[in-house]
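Dear colleague,

I am handing over the structure we spoke about, and it is shown directly below. Could you look through it alongside the notes that come after?

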Amino acid sequence: MTEHTKFHQLLHDQISNEFYASQQYIAVATYFDNNDMPQLAKLFYRQAVEERNHAMMIVQYFLDRDMEVEIPGIPAPNNRFESYRAPIDLALAQEKTVTQQVVDLAKSARDTGDYLGEQFVQWFLKEQVEEVATMTTLQTIAERCNGNLFDLENFVEREFNGDKTSDATAPPAAGGNI
């Protein structure tokens, strides 16, 4: 078994963070579904699966390094939103938080001399740039739509809900991506 370091503890904590993000995105998606905004719902259901896959990538990393892994519990997500913009604002804040968590992971791997861990985290850093950019754009467009949900739904369908190509550089997920 590989020795556990501070980096490994932070990485283990990130499993919980990613599962929480997945559950929060399911709550956001169901909010949009309940309010007849199918394109936003589709976007966030897909985001939920992506966050779940991120957690499973970390699980696979631990398995590949012959390290014991435990699946942690998560807090309940926020299910109540005051307006269509609130879940988008929450998503952007969540992605910024996850970005800082991944930066902290990269720093910890480097500080502990864990070059394998540092290499593993690099993909997540790249992914977070994309995630924050997507949610920032979504927030900007939601503001510009000024309540015209047809325009917002059309934008999301056109720009975000097309076929997404898989990233060949992504780490493998335990059990495979869904």
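This is a predicted model: local features need pLDDT of at least 70, side-chain atom pairs count only at pLDDT 80 or more; totals for chains, interfaces and linings use all residues.

Residues are numbered from 1 along each chain as its sequence is written, and side-chain values use heavy atoms, with hydrogens and water left out.

Rings of Phe, Tyr and Trp (for Trp, its six-membered ring) are taken as a pair if their centres lie within 6.5 Å, and the planes count as stacked under 30 degrees apart, edge-to-face over 60 and tilted for the rest. By this rule there are nine aromatic pairs. One of them joins Tyr25 and Phe44, whose ring centres are 5.4 Å apart with the planes at 50°, so this pair is tilted. Tyr25 belongs to helix α1 (residues 6-34) and Phe44 to helix α2 (residues 38-64), so the pair ties together parts that are 19 residues apart in sequence; helices here are DSSP runs (H or I, at least four residues), numbered from the N terminus. Both Tyr25 and Phe44 are buried, where buried means under 20% relative accessible area, exposed over 50% and partly exposed in between (1.4 Å probe, protein chains only). The rings of Tyr31 and Phe32 have centres 5.3 Å apart and planes at 70°, so that pair is edge-to-face, and Tyr31 and Phe32 are both buried. Ring pairs link Tyr25, Tyr31, Phe32, Phe44 and Phe81 into a cluster.

Turning to the helix packing, α1 and α3 meet at an angle of about 170°, with their axes 10 Å apart, the axes being lines fitted to C-alpha atoms over the stretch in contact and the angles running from 0 to 180 degrees between N-to-C directions. That makes α1 roughly antiparallel to α3, a term for angles over 145 degrees, with those under 35 counting as roughly parallel, 65 to 115 as roughly perpendicular and the rest as oblique.

In the loops, Asp36 lies between α1 and α2 and has a positive phi of about 55° although it is not a glycine; Asp36 is exposed, with a relative accessible area of 66%. Asp66, in the loop between α2 and α3, likewise has a positive phi, near 60°, in a residue other than glycine, and at 45% relative accessibility Asp66 counts as partly exposed.

Terms used: Helices (H or I, at least four residues) and strands (E, at least two) are DSSP runs, numbered from the N terminus.
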